[in-house]
Amino acid sequence: MLSAIMNLIHSLQTLVLYTLFLGPTNSLESAMTTQSPFLPNPEYESIVKKSCASQSDFPPLVTHQSLSDPRKQYWLLSLDGGGVRGILHLATLAKLEEQTGKRIVDLFDGIAGTSIGGIIAAILTMPDPDDPSKPKYSPRQLLNIFFARGYTMFQPKWLSFNGILRTKYKTNGIKDFLANILGKNTFKNRWLPTVLVTHDLHTYNVKIFSTNDDEDFFAKDLAMATAAAPTYYKPQHVYPINNPSSNGYFVSDGGTSMSNPALAGIELIHKHYNAAIDQIHVFSLGTGTSNIKLNNNALRRGAGLSWMWELTNLFMYGQQSADINTARFFCGHRYHRLNPLLPLANLVFDDLSDENKTTLLSANEKMLNENLEEFNKVAASLTTAADVKEPRAIQDMSLVVIPEESFAQSTYIWVNSWYQTLLPCFRWLR
């Protein structure tokens, strides 16, 4: 009985922790002092120079007998999570398309996304059902859709108390938004190899969904899963459509495990193209950071109550900085990270006010202007690489025939979902 009470107290503490600190700050880099958005961390610069100079200096992830074309260079697009700040991704990608005169799916060889970055990755790689020879949406079109209909993703729940008693927003709001855009498009039916990052709530490990996997899903389901942020939306139980016997995966927003999905994307490129590390270039886009250093005297005391309120921020900031520095370690000068500086007040997930959108876009434009020379170099490199590629085809043109879900199946999924949700609450009765 005492153990059950302690578990309940711990659960309540975690819930309050997420609500009070994940919501107000919710920038996974706000505690970092930012250098140039394109430059590696100076502490890793010497290591990078030694480790990533050539293939002989740093071997591939897996030893290959041979590479199909060791001269070929592969480009990964990596998109961070960040809620409404995903419009920064779209603004930058729209500028990239306009400058190069090429589509995103032609410039890059793979795409990785977490949370809003995962949503954008899924949408931009979807073929047009009326003309599969092209993607259905461009970054500019998707940006206009977000401006016009993005508010439907944030429908507040009555008496949620900022996510303490219930999720802050109605999950059906964002699910309907994604269903209207992605329809019955399947995840494997993409223009580019794609990975979406989630957090497995059964194992507490990161769960990455890749187009290289055998299982296939509705794209709208995985897009919802990668964006199911704790206290904002309900976790998702996703089921593979080509494996009826599977129990599926119970997952939530990938931002709590890998908000910067560059490493997942590097693995994707490596496996899909049999590419060595020194053939992989990464264009990593963040959703804003701050150069403010925090001075939290409470942590100096070292006690549990002092640290409890900061654990979420510490874990999330720490794991993202580790992802960034590890990607830089692997790729060196081939890792390009772009992340604008934002005021702390604008580092939020869910502010769709005109004032906030204006601030975000202004900060992004300022960042691009200040790093124009480097941005132009990246755009030129992408254009050169794209010009020598063979015409790209959709990853999987074989459309899966999806049987309509029966009433019995729908009922089973609904009952099982509630069973898994309520079971822990009654374990103390045993």
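Of the 430 residues in the protein chain, 50% count as buried. The model is predicted. The chain holds 15 helices and 10 strands.

**Whole chain**

- The accessible surface of the protein chain is about 20,800 Å². Carbon and sulfur atoms account for 57% of that surface.

**Helix pair α3 and α14**

- Two packed helices are described by the angle between their axes and the distance between the axes.
- Helix α3 spans residues 87–100, and helix α14 spans residues 372–387. They pack at an angle of about 60°, and their axes lie 10 Å apart.
- That angle makes α3 oblique to α14, because angles under 35 degrees count as roughly parallel and those from 65 to 115 as roughly perpendicular.
- The α3 and α14 crossing is right-handed.
- From α3, the contact draws on T92, K95, L96, Q99 and T100. From α14, it draws on F375, N376, A379, L382 and T383.
- By class, the contact of α3 with α14 has four nonpolar residues, five polar residues and one charged residue.

**Helix pair α5 and α7**

- Helix α5 covers residues 116–124, and helix α7 covers residues 171–182. Their packing angle is about 20°, with the axes 10 Å apart.
- α5 is therefore roughly parallel to α7, since the cut-off for that term is an angle under 35 degrees.
- The crossing of α5 and α7 is right-handed.
- I119, A122 and I123 make the contact from the α5 side. I174, L178, I181 and L182 make it from the α7 side.

**L196 in strand β5**

- L196 sits in strand β5, which runs over residues 194–200.
- Its relative accessibility is 0%, so L196 counts as buried; the cut-off for buried is under 20%.
- Leaving out residues up to four places away in sequence, L196 touches G113, G118, A121, F187, K207, I208, F209, L222 and A223.
- The C-alpha atoms of L196 and G117 are 8.5 Å apart. Along the chain, L196 and G117 are 79 residues apart.

**Loop residues with positive phi**

- Y204 is not a glycine, yet its phi is positive, at about 65°. Y204 lies in the loop between β5 and β6, the latter at 206–210.
- Y204 has a relative accessible area of 67%, so it is exposed; exposed means over 50%.
- T231 is not a glycine either, and its phi is positive at about 75°. T231 is in the loop between α8 (219–226) and β7 (236–238).
- T231 has a relative accessible area of 11%, so it is buried; this falls under the 20% cut-off.

Notes
Residues numbered from 1 in each chain as written. Predicted model: local features only at pLDDT ≥ 70, side-chain atom pairs only at ≥ 80, totals over all residues. Heavy atoms only, no water. Axes fitted to C-alpha atoms, helices over the stretch in contact; angles between N-to-C directions. Helix = DSSP H or I, 4+ residues; strand = E, 2+ residues; numbered from the N terminus. Parallel < 35°, antiparallel > 145°, perpendicular 65-115°, else oblique. Left-handed = near helix turned anticlockwise from the far one by under 90°. Contact = heavy atoms within 4.5 Å. Nonpolar A, V, L, I, M, F, W, Y, C, P; charged D, E, K, R; others polar. Buried < 20%, exposed > 50% of the residue type's maximum accessible area, 1.4 Å probe, protein only. Areas by Shrake-Rupley, 256 points an atom, 1.4 Å probe, with all protein chains shown as cover.
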